[in-house]
Amino acid sequence: MNGAHAKLAVRGLTKYYDDLEVLSGIDVDIAEGEFVSIVGPSGCGKTTFLRIVDGLEPYDTGSVSIDGRTVTKPGPDRAFVFQADSLQPWRTVWSNAAIGLEIQHRMSADERTKLGDLLALVGLKGFEKYYPRQLSGGMRQRVNLARALAVHPEVLLMDEPFAALDAQTREIMQTELLRIWSAAKSTVLFITHQIDEAVYLSDRVLVFGRRPGRIQEDIRIDLPRPRAASVKRTPEFTAYVGHIWGLIESAVRESVMEETTLPV
Amino acid sequence: MPSASPSATTTLAGTATAAKPAPSASKRRRAATRRTIVRAAITIASVLGGLLIWEFIGRVVVNNSLFLATPSASLIALGDLWSKGDLQKAIAISGEEFAIGFLIAVVAGTAIGLLIAGFETLSLILTPWINGFYASPIIALAPLLILWFGVGIWSKIAVVISLVIFPMIINTETGIKQTDPQLIEAARSFGASRMQIFAMVSLPSASPYIIAGLRLGVGRGLIGVVVGELAGARGGLGYLINNASQVFNMPQLFASVIVLAAAGIMLTALFQYLERLLVPWKA
């Protein structure tokens, strides 16, 4: 791919925490409308990378740009879906979903209508007046997603948004996400621990290695869209999952051993 | 659910509800009403029982109004004070002292708490003083405040402020500091400014703490009024208490204390109501 056409362009990105190099020479281009997942063992810097792209965290060298504009701080062209739903307990579903628009002073009659449609799209119609504590984990995560989509981000950054969900809810949310993504037409950068989730959702999967965090391999997923959940049982799908698992298995084993033997 | 599970039928066997595992909404509402009535009955029984025991001890065991006035004698004294108009006058004076002092302390305390939470240097400068004053029995300084501000209402207002302001400051600051960092991060990811984060995240998140500070302040403020008036005053409930104790008029002393207790209970209930109104997501 050519850098001139990239929606998101990352060049030689390096990030240190004190003396520890957490990200080393990240180079990647992501095209407009592409769905790209990042997988990798714990401590490979994938969340740090996503936070840098959002502008939540500074970086040391290299560059991150969206449509040629360098990222220095959060902007209305991006939105972040956090792993924890981080909803405000004092705001209703509607009001939580509207907070980005409020912060960016973009609330209007037109946006209000769109927000109503969006809440219906993510399956929250009829729950607008509920408080987060009245909702299940899956529904809170839908609000989290709606909150990010409400500002019409060109780039949607998602940090393990389904990690806290049970397996069934997760499967449903994956299919829903693909449906919503094809309607919203945004570029997505999606972090996950689940390799099958990454393969199922993505056009490309970036496999991160650790110590320091870097892109180990950039894999194009050539599975036809729209993808039904049954695609997960095809041999092509299994081959992708097997290949990626082979890449990160030893690193995951290492990080698991560290976590279980070292006092944290 | 037409078929109740076997275990449910065995445990519920013999009761009328055994056939219906899910009780109807109206039935559940009635059960809830019954629970509320039972709870209220227990509370009322406790209060009445306590008063009866007090009356019994006062009449039979102690039988000396100098050492223990009975509730009935106190109530009669209360009626006397009311009919003479002394009680209304005292309530008006004490009420004014409390209201002005409480209002100033709440507004200033909340403002200082917010400033401390927002500016670290200010926090470093003020925190040792705030903690010091909060921990020390400032009430002992009441006579000094009377000396400074005279025997009028302003010395009592000063005592009330000195007691109420510190918990307000500390609660406000704690509330702001306890804000979930993930909520701040989420607002920041939308490009929120410091002011927006404060207004849309920190302040609402701190509001339960601020309201708890108000509730805490009620009791302290009432103590402030009474102690201030005991230390030197020309009117008010503390003044009534002081007069009564000097002439060993125990029923009148108890009558004044009952008024104060009632005021405390009502104000606390008011703030509890306010809490439900302002922080409905906690309910």
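Reader: How many residues of chain B are in contact with chain A, and how should I read "contact" here?

Author: Two residues are in contact if their C-beta atoms, placed from the backbone, lie within 7 Å. In this case, 14 residues of chain B are in contact with 19 residues of chain A. Please keep in mind that this is a predicted model: local features need pLDDT of at least 70, side-chain atom pairs count only at pLDDT 80 or more, and totals for chains, interfaces and linings use all residues. Residues are numbered from 1 along each chain as its sequence is written, while chains are lettered from A and ligands numbered from 1 in the order in which they are written.

Reader: Which helix supplies the largest share of the side of chain B that touches chain A?

Author: Helices (H or I, at least four residues) and strands (E, at least two) are DSSP runs, numbered from the N terminus. Helix 8 (181-189) and helix 9 (194-231) of chain B each supply at least two residues of that side. The largest share, seven residues, comes from helix 8 of chain B. By class, the side of chain B that touches chain A has eight nonpolar, four polar and two charged residues. Here Ala, Val, Leu, Ile, Met, Phe, Trp, Tyr, Cys and Pro count as nonpolar, Asp, Glu, Lys and Arg as charged, and the others, Gly among them, as polar.

Reader: Why is chain B described as more spread out than a compact globule?

Author: Start with its elements: chain B has 11 helices and zero strands. The radius of gyration is taken over C-alpha atoms, and the globule rule is 2.2 Å times the number of residues to the power 0.38. For the 283 residues of chain B the rule gives 19 Å, but the radius of gyration is 26 Å, well over that, so chain B is more spread out than a compact globule. Along the principal axes, the C-alpha trace of chain B spans about 75 × 65 × 30 Å.

Reader: Which domains make up chain B?

Author: Domain bounds come from an automatic or database domain assignment. That assignment divides chain B into domain 1 (20-62) and domain 2 (71-282), and their C-alpha centres lie 31 Å apart.

Reader: Over in chain A, is strand 3 buried or exposed?

Author: A residue is buried if 20 or more other C-beta atoms lie within 10 Å of its own, exposed if 12 or fewer, and partly exposed in between, with C-beta atoms placed from the backbone. Five of the five residues of strand 3 (residues 35-39) of chain A are buried, so the strand is largely enclosed by the rest of the structure. A:Phe35, A:Ser37 and A:Val39 cover one side, with A:Val36 and A:Ile38 on the other.

Reader: Which strands pair with strand 3 of chain A?

Author: Two strands pair if DSSP finds at least two bridges between them. Strand 3 of chain A runs parallel to strand 8 (residues 187-191) of chain A over four bridges, and four bridges also join strand 3 to strand 9 (residues 204-209) of chain A, again in parallel. A:Ile38 stands opposite A:Ile191 in strand 8 and has A:Leu206 as its bridge partner in strand 9.

Reader: Which residues touch the most other members of the largest nonpolar core?

Author: In soluble globular proteins, nonpolar side chains tend to be buried together. A nonpolar core is a set of buried Ala, Val, Leu, Ile, Met, Phe, Trp, Tyr and Cys residues joined through C-beta atoms within 7 Å. Of the 81 residues in the largest one, A:Val39, A:Val53, A:Ala146, A:Ala150, A:Leu157 and A:Leu189 touch the most other members. A second, separate core of 51 residues includes B:Phe102, B:Leu145, B:Val225 and B:Tyr239.
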